[in-house]
Amino acid sequence: MAYRVPLFNLNFDEREAQAAYDTIKSGWISTGPRNAELEQMFKDMWNVKHAVSMNNCTNALHVCCMVCGFGPGDEVICPSLTFAASCNCSRYVGATPVFADIVGPEHINIDPADIERRITPRTKGIIVVHLAGYPARMDEIMAIARKHDLKVIEDACHGPLSAYKGRKLGTIGDCAAFSFFSNKNISTGEGGMFITNDDEMERKARLIRSHGMSTMSYQRASGHATEYDITCLGYNFRMDDIRAAIAIEQLKKLPGDLETRSKVRRRYEENLRGIERVTVPFIGCGEFTSNYIFPIVIKDSTKEKRNALREYIHARGIQTSVHYPAAHLFSTYRELGTVLPKTEYVTNNEVTLPMYAALTMEQVDEICEVVSDGIKEIYG
Ligand SMILES: *Cc1c(COP(=O)(O)O)cnc(C)c1O
């Protein structure tokens, strides 16, 4: 069934098509000038020293774990209420993810107090996720990291241009990763970005991205180099120039897109404030945020009732989702035996409603009415 109101809508027009076409016509389609331009745009917009494009965020997170020096025997603390890539990445380098709980339904990001409780002599780092583009409690998290000499990776996939006390998300920890997957704020199909203010981390990331090669094909093709050395074990994590050209157009649109999303978010908040059963996470957060998704949590609910509410909404042509199925309960992580009561409540009772710039105020009003009617019918 195609939904009348989908969860997400791609903000594409002729500009992305033209940019891809122009790149194809240019004769250089792999990593080259469009990637360099995209990296420069990121550095300028984020006010960060280094940006290294990647072919997706999962690999950017893998690079983060490598440049932070995580390895076998190390423990890396991360949230469970996130996409699996946020915790899988520490396993790529042989480390073990240690799941920490969220603050609660009002703030569904990782809880600094629970991070501290889970620190052992083996802990080497923390992976923070800024869910829905709303900042995690970075002051507390950075203080814990400094106290215990831990590296901090920001999985900033949900938060391009989101702010925290005057800084952009992704520029507060040691390094960060962004995703350009189709349904993210910046969409290129597949794609990602690694950013850092650390020169050595950038140098390593650039080598890891391309087999540890000391020069790139584009440098050789343009006559700037004739040979290369393999200096370390690297991978092929490169983004092609066709996608970089699309990302550049998406970045140009981003500030305006986020302004419109803020209006959508405000309308949701106004409408839902009166519904007793609904908690809107991060309500009252005064920061500029990306509003990647719009999650709500139902109070005094069960998973069965939440699922019935989702079906009620779907039957009226509106798509919903769940962010996220808790990672610590997936079969690959269940053997760790982690118990996270707040994460478990939210994963069972959260509903993600449609969020994108093209959503009209009338549509938001209709969605909220359907949610309100559904709650009356299912919860009484
Ligand atoms: C989308 C997403 C990823 C993975 O990004 P890819 O580019 O698809 O690899 C990682 N973490 C979070 C929080 C995400 O939402």
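1. A polar side-chain atom of lysine 184 lies 2.9 Å from an oxygen atom of the ligand, a polar contact being a pair of N or O atoms within 3.5 Å, where within protein one must be able to donate a hydrogen and the other to accept it, and residues adjacent in sequence count only if both atoms are side-chain atoms. For histidine 158, a polar side-chain atom is 2.9 Å from an oxygen atom of the ligand, and for aspartate 155 an N or O atom of the side chain is 2.7 Å from a nitrogen atom of the ligand. The ligand has 16 residues around it, of which Cys57, Thr58, Asp155, Ser179 and Lys184 come nearest, with a residue counted when one of its heavy atoms lies within 4 Å.

2. On the basis of these values, the model is predicted, local features need pLDDT of at least 70, side-chain atom pairs count only at pLDDT 80 or more, and totals for chains, interfaces and linings use all residues. Residues are numbered from 1 along each chain as its sequence is written, and side-chain values use heavy atoms, with hydrogens and water left out.

3. Helix H2 (residues 33–46) and helix H9 (residues 241–272) have axes that come within 8 Å and cross at roughly 25°, where axes are lines fitted to C-alpha atoms, for helices over the stretch in contact, and angles run from 0 to 180 degrees between N-to-C directions. That makes H2 roughly parallel to H9, since angles under 35 degrees count as roughly parallel, over 145 as roughly antiparallel, 65 to 115 as roughly perpendicular and the rest as oblique. Helices (H or I, at least four residues) and strands (E, at least two) are DSSP runs, numbered from the N terminus.

4. The crossing of H2 past H9 is left-handed, a term for a near helix turned anticlockwise from the far one by less than a right angle, with clockwise giving right-handed. Among the contact residues, Leu38, Met41 and Phe42 are in H2, and Ile248 and Leu251 are in H9, contact meaning heavy atoms within 4.5 Å. By class, the residues of this contact are 13 nonpolar, one polar and four charged, where Ala, Val, Leu, Ile, Met, Phe, Trp, Tyr, Cys and Pro count as nonpolar, Asp, Glu, Lys and Arg as charged, and the others, Gly among them, as polar.

5. Helix H3 (residues 57–67) packs against helix H7 (residues 199–209) at an angle of about 130°, with the axes 10 Å apart, which makes H3 oblique to H7. The crossing is right-handed, and Val63, Met66 and Val67 of H3 meet Met201, Lys204, Ala205 and Ile208 of H7, giving six nonpolar, no polar and one charged residues.

6. Helix H10 (residues 303–315) and helix H13 (residues 361–379) pack at about 135°, their axes 9 Å apart, and H10 is therefore oblique to H13. H10 passes H13 in a right-handed crossing, and the residues of their contact divide into nine nonpolar, one polar and four charged.

7. Two backbone features deserve a look. Most residues other than glycine have a negative phi, and most peptide bonds are trans. Aspartate 149, in the loop between helix H6 (138–148) and strand E7 (151–155), has a positive phi of about 55° although it is not a glycine. The peptide bond from histidine 323 to tyrosine 324 is cis, with omega near 5°, and tyrosine 324 is placed in the loop between H10 and helix H11 (331–334).
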